[in-house]
Amino acid sequence: MMLLTIKNIRKDYTRGKVFSAVDNVSLSLDAGDFACIMGKSGSGKTTLLNIIAGIVTPTNGRVILDNTDIYSLDDKHAALFRNQNIGYVPQGGSLLANLNAIDNICLPFYLYPQLNQQRLGHQQCMDRALALLEQAGISYLKSMFPAQMSGGEMRRVAIIRSLICSPQLVLADEPTNDLDEDSSQDIMQLFQRINQQGTTLLIVSHDSDVACYAKQQFKMAAGKFV
Ligand SMILES: Nc1ncnc2c1ncn2[C@@H]1O[C@H](COP(=O)(O)OP(=O)(O)OP(=O)(O)O)[C@@H](O)[C@H]1O
């Protein structure tokens, strides 16, 4: 079943003159796919990922997720649709320092109660977060604050947080950046497990060791797939 289609996506920026950071890119993913977009720094990977996430509006082209053209929705419906259907793991650190792992994972529900469609109470939210940590084999982190975690542990908690709304699609931007080989493997094994449980994954990375975990690989250069 087709889950995601992006058609003729272009994003122009002006830096002195106009250039296309993403230049007429098309891509389709089926439910259950695990894809990686590779390419050097500046090739347009993050811009493309953010367009799919609904964070950056394309100059041209369409993003269709589960038969919904996300840029045809008004802002309010677009935000709800993407938060319900897309998990996003941003580049770099994204946990809040003053919350422990469980609360960081529940944060989307605290910030946007409308995402909590099953209307879980506070304890049930925390139970769900704990269950996700247990599935990932890192329940020992449950009460720890980011300052007590390694970089790889923080990243795994951020990945778990992207699952709190049971999204169909998870997007991750350079998830192993700044991590050593062992931590990178932990991260990629976690993604593999998430994918095996049925979540579709699209990861952006410049690291070929990361890409080899993916089932589909795309390469980007100067805004285009090559
Ligand atoms: N808001 C912006 N305004 C102007 N130019 C931008 C903007 N965002 C990105 N760019 C430029 O667009 C190009 C693509 O950037 P992008 O971040 O998508 O690349 P990338 O492949 O993800 O690189 P990296 O891995 O370093 O993040 C770069 O030349 C970048 O400088």
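The model is a predicted one. The range itself comes from UniProt, where an unreviewed entry lists residues 4-226 as "domain: ABC transporter".

The residues around the ligand are Tyr-13, Arg-15, Ala-21, Gly-39, Ser-41, Gly-42, Ser-43, Gly-44, Lys-45, Thr-46 and Thr-47. Two elements, strand E1 (2-15) and H1, each give two or more residues to this shell. The largest share, three residues, comes from H1. By class, the shell divides into two nonpolar, seven polar and two charged residues.

Helix H1 spans residues 45-52 and is mostly covered, with eight of its eight residues buried. These buried residues are Lys-45, Thr-46, Thr-47, Leu-48, Leu-49, Asn-50, Ile-51 and Ile-52. Lys-45, Thr-46 and Thr-47 also belong to the residues around the ligand. After H1 comes Gly-54, which has a positive phi, near 85°.

Asp-12 is partly exposed, because 14 other C-beta atoms lie within 10 Å. Leaving aside residues up to four places away in sequence, Asp-12 touches Val-18, Phe-19, Ser-20 and Thr-59. Ser-94 is 82 residues from Asp-12 along the chain, and the C-alpha atoms of the two are separated by 27 Å.

Most residues other than glycine have a negative phi. Asn-8 is a residue other than glycine with a positive phi, near 50°. Asn-8 has its place in strand E1. It counts as exposed because it has 12 C-beta neighbours inside 10 Å, and a residue is exposed if the number is 12 or fewer. Asn-67 is not a glycine either, yet has a positive phi of about 70°. Asn-67 lies in the loop between strand E4 (60-65) and strand E5 (68-69). With 8 other C-beta atoms within 10 Å, Asn-67 is exposed.

The helix packing can be followed through H3 and H5. Two packed helices are described by the angle between their axes and the distance between the axes. Helix H3 (residues 101-111) and helix H5 (residues 151-161) pack at an angle of about 35°, and their axes are 8 Å apart. The crossing of H3 and H5 is right-handed. On the H3 side the contact is made by Ala-101, Asn-104, Ile-105, Leu-107 and Pro-108, and on the H5 side by Val-157, Ile-160 and Arg-161. By class, this contact of H3 with H5 has six nonpolar residues, one polar and one charged.

Which residues of H3 are buried? In H3 they are Ala-101, Ile-102, Asn-104, Ile-105, Cys-106 and Phe-109. Ala-101, Asn-104 and Ile-105 are buried and also take part in the contact with H5. The buried residues of H3 pack against H5 and against helix H4 (122-135).

Terms used. Residues are numbered from 1 along each chain as its sequence is written. This is a predicted model: local features need pLDDT of at least 70, side-chain atom pairs count only at pLDDT 80 or more; totals for chains, interfaces and linings use all residues. A residue is buried if 20 or more other C-beta atoms lie within 10 Å of its own, exposed if 12 or fewer, and partly exposed in between; C-beta atoms are placed from the backbone. Helices (H or I, at least four residues) and strands (E, at least two) are DSSP runs, numbered from the N terminus. A residue is near a molecule or strand if its C-beta atom, placed from the backbone, lies within 6 Å of it. Ala, Val, Leu, Ile, Met, Phe, Trp, Tyr, Cys and Pro count as nonpolar, Asp, Glu, Lys and Arg as charged, and the others, Gly among them, as polar. UniProt positions are given in the numbering used here, feature names are shortened, and annotations may be inferred rather than shown by experiment. Axes are lines fitted to C-alpha atoms, for helices over the stretch in contact, and angles run from 0 to 180 degrees between N-to-C directions. A crossing is left-handed if the near helix is turned anticlockwise from the far one by less than a right angle, and right-handed if clockwise. Two residues are in contact if their C-beta atoms, placed from the backbone, lie within 7 Å.
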